[in-house]
Amino acid sequence: ETGQVIENATTMAEMDRHGFFACLETSMLVPAATGPPLSLIRNRDAQLNITTRCFDAFCYEPIPYRSAVEEGATHVLVLKTRPDGSKIGTKPGLFEKVFAPMYFDTNKMPEVADYFKNG
């Protein structure tokens, strides 16, 4: 089923991207840097004409292994970009405090804006 979602996904802007390329296009939309979220119609939602507004998932899950396991993945490959023992800051920065809430409010996604405002 997961392969079907990718194979049949379509971006709704002009329906010019399909399958893997539709998913890739939406995954590269970095909030406040690369334009508004794109609407993606997935295979399982096509008959009901339900779209999902998509952008880079780092906003919710920087290393998306948890959602992969929840969706049934049996193997997960994670490529580290920092050496063992590196401290990763969890303090919200300028992006989380200012740019992300403004971006999501502007794009009529108040729930996501609140997510960033409230931490």
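This is a predicted model: local features need pLDDT of at least 70, side-chain atom pairs count only at pLDDT 80 or more; totals for chains, interfaces and linings use all residues.

Colleague: How many helices and strands does the protein chain have?

Modeller: The protein chain has five helices and three strands.

Colleague: And in what order do the elements run from the N terminus?

Modeller: Starting at the N terminus, the order is α-β-α-β-β-α-α-α.

Colleague: What share of the residues is buried?

Modeller: Of the 119 residues in the protein chain, 24% are buried.

Colleague: What about contacts between residues 24 or more positions apart?

Modeller: Among the contacts in the protein chain with a separation of 6 or more, 47% join residues 24 or more positions apart.

Colleague: Let us turn to the rings. How many aromatic pairs are there?

Modeller: There are five aromatic pairs in the structure. One of them joins F95 and F116, whose ring centres are 6.1 Å apart. The planes of F95 and F116 stand at 85°, and angles over 60 degrees count as edge-to-face, so this pair is edge-to-face.

Colleague: Where do F95 and F116 lie?

Modeller: F95 belongs to helix α4 (residues 94-106), whereas F116 belongs to helix α5 (residues 110-118). The pair therefore ties together parts that are 21 residues apart in sequence.

Colleague: Is F116 buried or exposed?

Modeller: F116 counts as buried, because its relative accessibility is 11% and the limit for buried is under 20%.

Colleague: What is the geometry of the pair made by Y103 and F104?

Modeller: The ring centres of Y103 and F104 are 4.9 Å apart, and with planes at 85° this pair is edge-to-face. Y103 is buried, with a relative accessible area of 8%. F104 is buried as well, at 0%.

Colleague: Which residues do the ring pairs link into a cluster?

Modeller: The cluster consists of F55, F95, Y103, F104, Y115 and F116.

Colleague: Which residues make the nonpolar patch?

Modeller: I63, Y65, V69, V76 and V78 make a nonpolar surface patch of about 400 Å².

Colleague: Where is I63 found, and how accessible is it?

Modeller: I63 is in the loop between β3 (51-54) and α3 (65-70). With a relative accessibility of 44%, I63 counts as partly exposed.

Methods: Residues are numbered from 1 along each chain as its sequence is written. Side-chain values use heavy atoms; hydrogens and water are left out. Rings of Phe, Tyr and Trp (its six-membered ring) pair if their centres lie within 6.5 Å; planes under 30 degrees apart count as stacked, over 60 as edge-to-face and the rest as tilted. Helices (H or I, at least four residues) and strands (E, at least two) are DSSP runs, numbered from the N terminus. Buried means under 20% relative accessible area, exposed over 50%, partly exposed in between (1.4 Å probe, protein chains only). Contact means heavy atoms within 4.5 Å. Patches are made of residues with over 30% relative accessible area and no salt bridge: like charges are joined within 9 Å, nonpolar side chains (Val, Leu, Ile, Met, Phe, Trp, Tyr) within 5 Å. Accessible areas come from the Shrake-Rupley method with a 1.4 Å probe; for residues, only the protein chains shown count as cover. A salt bridge is a side-chain nitrogen of Lys or Arg within 4 Å of a carboxyl oxygen of Asp or Glu.
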